[in-house]
Amino acid sequence: MIPVRAYLALLTTYLRRHRGRMVLLGLLVAADLAVQLAIPQVLRSVIDGALDGQPVDRLGLLAGIVVAAAIAHQVLAVAATWIAEQVGWRATNDLRADLTRHVLHLDLGFHKQHPPGHLIERVDGDVTALSNFFSAMVVKVVGNGMLIAGIMVLLLRESLLVGGVMTLLLLVGLLVLGRLHVVVVPWWRAHRAIAAETYGQLGEQVDGTEDIAANGARDFMQERFADLLRRWMPLEVRGWTGWALMWSTSEILRIAMLVATFVLGARLLGPTGLTIGTVYLVVHYVEMIGHPLHQIREEMQDLQKAGAAIDRVRGLLERPSALPAAGSTVLPAGPLSVAFTDVHFAYDDADGGDVDRVDADGTRPDRDDPHGPTPVLHDVSVSVAAGRVLGVLGRTGSGKSTLARLATRLYAPDRGDVAIGGMSIGDVANLRERVAMVTQDVQLFRATVRDNLTFFDRGIDDDRLHEAIRLLGLDDWLAGLPHGLDTHLGGQDTGVSAGEAQLLAFTRVFLRDPGLVVLDEASSRLDPATESWLERAIDGLLADRTGIIIAHRLHTLHRADDVAVMEAGRVVEFGDRVALAADPDSRYARLLAAGMEEVLT
């Protein structure tokens with residue numbers, strides 16, 4: 001079970017931001033409680049007054065007070081619910097924003113383990129389960145709890161025997177409900193986990209529709225999805241079984257209290273005991289207890305879901321990144337040098353493993369463990385002077401792309417150091433502004449060209465966009481769009497080819513004006529005509545900047561100043577490109593002489 005401390009910590013953290021509305025909500029709930037407790041008192045006076053023969057005018061006045069109080073109760077209840085819902089959605093939106101911000105700052109290893117559908121369910125689905133926890137929890141649980149407490153006090157004031165019996169029955173019922181809550185919370189936690197897994201699998205299937213259909217894997221994926229649903233159904237049934245147990249417990253409690261009320265009322269009714277009005281008062285209060293008990297029971301079910309959701313949300317918020325916190329050093333303007341010094345790195349992305357595990361002292365575990373993951377880079381040392389372009393060659397799996405990911409701090413090295421502009425990459429505060437990367441896969445949004453280029457940054461004006469497009473030689477491309485910068489991508493206006501997506505990526509990078517640009521062979525998937533179209537853009541992008549080009553084809557290195565050849569995670573050759581090409585004994589010269597692109601695949 002989630003400790004009460006966890007509930008209160010989450011509540012206070014996100015409700016603290018809405019103090020004004022919470023104060024107003026508290027006043028509305030308190031006023032509504034006072035009105036509800038007062039109505040039976042006035043009704044008792046009406047009944048006893050009628051039996052005692054009091055004037056009709058007085059009885060009519062009392063009846064009018066009851067009607068006015070009933071209307072006030074409805075108005076106060078609606079107002080409290082409206083304020084509570086506002087607070088609930090504002091608080092959960094704050095929580096969604098915090099979760100999204102945290103997830104975006106986690107390292108790439110975490111995102112490789114968790115597909116988008118899974119993360120969407122964690123960030124949105126789990127938080128949605130908490131919306132009632134933040135809103136109706138105050139009105140229905142706290143408010144109804146105070147109402148029941150007030151009723152018990154008034155019953156004890158009317159009769160110690162009646163109040164004592166009702167209090168005892170209530171305590172026994174609440175104790176049973178509390179024990180059931182302990183049992184049912186793990187059921188809902190398992191339910192939330194399988195829901196996240198199912199949505200993650202569904203997201204993967206939708207994303208891979210073309211590959212699934214092309215390879216005849218529809219039946220397999222359908223069976224895989226059906227298997228998840230078969231695992232989900234018993235957990236859904238178990239969760240609702242918990243609700244049924246709590247419903248039956250609260251109904252038994254309500255009926256027991258009513259039976260006890262009629263038995264005690266019949267015994268105590270008389271000239272020296274309770275009046276007819278007082279007996280009605282007791283019955284009315286006991287009936288009133290049934291409604292808040294019903295609402296508390298319903299909220300207990302939501303509390304069970306909230307308990308599971310809180311556990312998962314807290315686990316995600318507390319998930320550490322494998323990347324140490326960024327420092328405070330600011331990189332200067334202009335091209336930046338890059339230096340890899342004795343860098344050792346291994347991925348640990350096995351399914352079900354803790355890819356981001358960090359020891360208690362904040363360091364990552366030793367990857368030299370013979371039973372640990374296989375190293376991808378072994379003591380790599382390469383340096384690139386500011387303003388020069390490094391081309392990196394090697395077979396698939398030699399560590400080329402890993403080198404690029406370390407330079408952009410998507411991962412942190414297990415040993416050694418990566419320095420940008422003469423500063424350790426972990427000490428840099430503005431790395432994302434000064435280091436940019438373009439890969440083969442470009443993420444585009446269903447939005448305008450302007451929003452895709454600026455990442456929705458309204459601070460970048462159109463003049464700056466047009467200047468960047470002109471400097472990259474993309475004027476003709478922009479002129480060919482139906483609505484220019486207002487063209488919607490992926491919508492009714494136009495689709496985007498692979499070449500056009502790369503143009504957008506180059507322009508994004510150019511707008512940031514980084515000092516280091518990493519190109520993970522951004523043109524390797526393009527046909528020769530489109531690739532030559534992009535050559536001007538690449539030249540403009542690398543002008544007056546340091547560049548690292550991950551090459552899959554030899555001819556793409558004509559603009560490189562230096563070349564590094566990698567094999568099995570090691571740099572086996574490094575030097576000036578022209579000098580290496582002129583040295584017949586160099587690996588690079590042998591590759592050029594052979595002209596064999598397949599040696600790099």
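Visitor: Which residues in α17 are buried?
Guide: In α17, the buried residues are Gly499, Ala501, Gln502, Leu503, Leu504, Ala505, Phe506, Thr507, Arg508, Val509, Phe510 and Leu511. Buried means under 20% relative accessible area, exposed means over 50%, and partly exposed is in between, using a 1.4 Å probe and protein chains only. Helices here are DSSP runs of H or I with at least four residues, strands are runs of E with at least two, and both are numbered from the N terminus.

Visitor: Before we go on, what kind of model is this?
Guide: It is a predicted model, where local features need pLDDT of at least 70, side-chain atom pairs count only at pLDDT 80 or more, and totals for chains, interfaces and linings use all residues. Residues are numbered from 1 along each chain as its sequence is written, and side-chain values use heavy atoms, with hydrogens and water left out.

Visitor: Back to α17, then. How many of its residues are buried, and what follows from that?
Guide: Twelve of the 15 residues of α17 are buried, so this helix is largely enclosed by the rest of the structure.

Visitor: And how far does α17 reach?
Guide: Helix α17 covers residues 498–512 and reaches 22 Å from its first C-alpha to its last, close to the 21 Å expected at 1.5 Å a residue. The expected span is 1.5 Å times one less than the number of residues.

Visitor: What comes just after α17?
Guide: There you find Asp513, which takes a positive phi of about 55 degrees. For background, most residues other than glycine have a negative phi.

Visitor: Which other Asp residues have a positive phi?
Guide: Asp342 has one of about 50 degrees, and Asp544 has one of about 60 degrees.

Visitor: Where do they sit?
Guide: Asp342 is in strand β1, residues 338–346. Asp544 lies in the loop between α18 (528–542) and β8 (546–550).

Visitor: Is Asp544 buried or exposed?
Guide: Asp544 is exposed, with a relative accessible area of 71%. Asp342 is partly exposed, at 43%.

Visitor: You mentioned β1. Which sheet is it in?
Guide: β1 belongs to an open sheet of four strands in the order β2-β1-β4-β5, with antiparallel pairing. Two strands pair if DSSP finds at least two bridges between them. At the edges are β2 (375–384) and β5 (423–424), each pairing on one side only.

Visitor: How many bridges join β1 to β4?
Guide: Five bridges join β1 to β4 (residues 415–420), and the two strands run antiparallel. Phe340 stands opposite Val418 in β4.

Visitor: What about the sheet of six strands, what's its order?
Guide: That open sheet runs β6-β7-β8-β3-β9-β10, and its pairing is mixed. β6 (435–438) and β10 (570–576) stand at the edges with a single partner strand each, so one side of each is left without a neighbour in the sheet. On average, neighbouring strands of this sheet are turned by 15 degrees against each other, direction ignored.

Visitor: How do β9 and β10 pair?
Guide: Strand β9 (residues 562–567) pairs with β10 in the antiparallel sense over six bridges. Met566 stands opposite Val571 in β10, and Asp562 has Asp576 as its bridge partner in that strand. The hairpin of β9 and β10 has two residues between the strands, and Ala568 takes a positive phi near 50 degrees in this hairpin.

Visitor: Switching to helices: how do α2 and α3 cross?
Guide: The axes of α2 (residues 19–52) and α3 (residues 56–104) come within 8 Å and cross at roughly 160 degrees. That makes α2 roughly antiparallel to α3. Axes are lines fitted to C-alpha atoms, for helices over the stretch in contact, and angles run from 0 to 180 degrees between N-to-C directions. Under 35 degrees counts as roughly parallel, over 145 as roughly antiparallel, 65 to 115 as roughly perpendicular, and the rest as oblique.

Visitor: What about α3 and α5, how close do their axes come?
Guide: The axes of α3 and α5 (residues 116–128) come within 9 Å and cross at roughly 160 degrees. α3 and α5 are therefore roughly antiparallel to each other.
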